[in-house]
Amino acid sequence: YANADYWQYEGKADVAQTGKKKNNFVFDEKNQASLSLSFEHPVPVLPNIRLRHTTLQGNDTQKVTALEFGKFTFTQEANLDIDLTSTDAELYYEVLDNVVSADIGIAAKLIDGDIVAKEVNGLNKKTVSIKETIPMAYVSAQAKLPLTGLSVKADVAGVSYNGSSLTDVQAEIMYNFVDNLAVDIGIKAGYRQITATLEDVEDTDADIKFKGPYLGLEMHF
């Protein structure tokens, strides 16, 4: 399976140095591509695999009274810029494969990138680089609507540990407009939400959320 999604998302972030009061930043809508590739095979003991890559970006300026971030205290207008990538590797087994199909497995999400805070009218700029590989549980379910070419699907991946948590959830409806022995091609529409609570990661606390609708294409060979 090969998927290409066009994701229109908005986001927000509450950030601060570990143990300090968080300040809230709200991000405008952005449009990004999300790509995934899945390989399924008939060998029962070996898991199937899916790889997925998504870019997560947000930028906002807020008046702050005391934003402590990167061992510096911002006391005027501060700009927060988030530029992260989310790369998933999922190993899963297909436990149902009929009109209703279901997958269960484990996933590893690599969060990589920078969170940057800087003074709007000053010279101070602090960057926190994050590179964390986070293990998660993964569940997926899909139901086909007979004789229509339509199907509905939901994916959930998540974990909670040591005060931190991460969830990546999406739901979609798809219509297969090409369906033959060589290839199936479907157009889909859905909604995705990524929520992360990071506690004491690189001396930073952060609550980050990205959410929004997407349109996409799926090819099944």
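User: Which residues form the nonpolar patch on the surface, and what is their accessible area together?

Analyst: Bear in mind that this is a predicted model. The patch is formed by Tyr93, Val95, Leu96, Val99, Val100, Ile104 and Val139. Together they have an accessible area of about 590 Å².

User: Which element gives the largest share of the nonpolar patch?

Analyst: Two elements give two or more residues each: strand E6 (77–97) and strand E7 (100–119). The largest share is three residues, and it comes from E6.

User: Is Tyr93 buried, partly exposed or exposed?

Analyst: Tyr93 sits in strand E6. Buried would need under 20% relative accessible area and exposed over 50%. Tyr93 has 37% relative accessibility, so it counts as partly exposed.

User: On to the rings: what kind of pair do Trp7 and Tyr9 make?

Analyst: By the pairing rule there are five aromatic pairs. In the one made by Trp7 and Tyr9, the ring centres are 4.7 Å apart and the planes are at 45°. Stacked needs planes under 30 degrees apart and edge-to-face over 60, so this pair is tilted.

User: And how many residues apart are Tyr9 and Phe210?

Analyst: Their ring centres lie 5.4 Å apart with the planes at 90°, so the pair is edge-to-face. Both residues are buried. Tyr9 is in strand E1 and Phe210 in strand E12, and the pair links distant parts of the chain, 201 residues apart.

User: Which residue lies over the face of Trp7?

Analyst: Trp7 belongs to an aromatic cluster with Tyr9, Phe27 and Phe210. At 5.1 Å from the ring centre of Trp7, the residue over its face is Arg192.

How values were computed: Residues numbered from 1 in each chain as written. Predicted model: local features only at pLDDT ≥ 70, side-chain atom pairs only at ≥ 80, totals over all residues. Heavy atoms only, no water. Patch = residues over 30% accessible without salt bridge, like charges linked within 9 Å, V, L, I, M, F, W, Y side chains within 5 Å. Areas by Shrake-Rupley, 256 points an atom, 1.4 Å probe, with all protein chains shown as cover. Salt bridge = Lys/Arg side-chain N within 4 Å of Asp/Glu carboxyl O. Helix = DSSP H or I, 4+ residues; strand = E, 2+ residues; numbered from the N terminus. Buried < 20%, exposed > 50% of the residue type's maximum accessible area, 1.4 Å probe, protein only. Phe/Tyr/Trp six-rings, centres within 6.5 Å; stacked < 30°, edge-to-face > 60°. Lys NZ or Arg CZ within 6 Å of the ring centre and 35° of its normal.
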